[in-house]
Amino acid sequence: MSHRISVRNAGVDDVEAIYTLLQPFVVKNIILARDRDNIFQHLQEFLVADYDGELCGVVAVHIYGENLAEVRSLVVSPTHQKHGIGRLLVEGCEQWLAALGVARVFALTYVTGFFERMGYAVVSRESLPHKVWTVCVHCTRFADCDEVAVEKRLSDAPIKPMRILPIIEINEA
């Protein structure tokens with residue numbers, strides 16, 4: 001029996017299914033919580049996987065700048081794991097990011113082997129200050145984080161440092 005698996009951009013009609021799919025992994029502290037409002041606000045960052053018409057996987061991608069993006073909230077329902085759905089979701093993110101010109105992508109994960117099989121290498125979390133100081137610092141597990149950072153180059157484009165804008169002081173007289 002053949003099955004149809006497709007990966008597509010998420011739509012507003014998927015929000016409840018995305019939320020429901022994420023919840024068991026949030027409860028197990030595998031991923032960070034996202035409420036429905038957060039999913040709606042970041043809907044353009046999500047890809048979903050359908051298995052015979054049933055939403056069975058989700059991933060989000062967040063772009064930090066022209067050279068760096070993160071794969072996050074990668075989840076495949078337990079009944080659909082081991083069918084290559086996670087791989088298809090990550091490949092979908094990589095193709096999307098490469099088309100946008102993003103040079104490298106990273107993830108924080110508990111399943112390093114999965115990402116290593118896809119060409120990612122383990123890196124230090126400290127090599128990702130954009131993530132650590134904008135997102136991780138607000139996490140309840142910040143001081144005791146046990147996730148592993150992995151990274152992959154998507155292109156040979158030079159990695160440009162993030163532009164840091166000067167602080168502008170306003171003196172009111």
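**Figure 1. Buried residues of helix H1 in the predicted model.** Val15, Ile18, Tyr19, Leu21, Leu22, Phe25 and Val26 of H1 are buried, that is, under 20% relative accessible area with a 1.4 Å probe and protein chains only, where exposed means over 50% and partly exposed in between. An α-helix has 3.6 residues a turn, so residues three or four places apart point the same way. The buried residues of H1 pack against helix H2 (36-41) and strands S2 (46-51), S3 (54-65) and S4 (68-76), a contact being heavy atoms within 4.5 Å.

**Figure 2. Length and end of helix H1.** The 13 residues of H1 (residues 15-27) reach 18 Å from first to last C-alpha, close to the 18 Å expected from 1.5 Å times one less than the number of residues. Asn29, which follows H1, has a positive phi, near 60°.

**Figure 3. Helix H3 and the residue that follows.** The end C-alpha atoms of H3 (residues 85-100) lie 23 Å apart, which agrees with the 22 Å that its 16 residues should span at 1.5 Å a residue. Among its buried residues are Ile85, Leu89, Cys93 and Leu97. Gly101 follows H3 with a positive phi, near 95°.

**Figure 4. Elements of the chain.** The chain has five helices and seven strands; these are DSSP runs (helices H or I, at least four residues; strands E, at least two), numbered from the N terminus. Buried residues make up 40% of the 173 residues.

**Notes.** Residues are numbered from 1 along each chain as its sequence is written. In this predicted model, local features need pLDDT of at least 70 and side-chain atom pairs pLDDT 80 or more, whereas totals for chains, interfaces and linings use all residues, and side-chain values use heavy atoms, without hydrogens and water.
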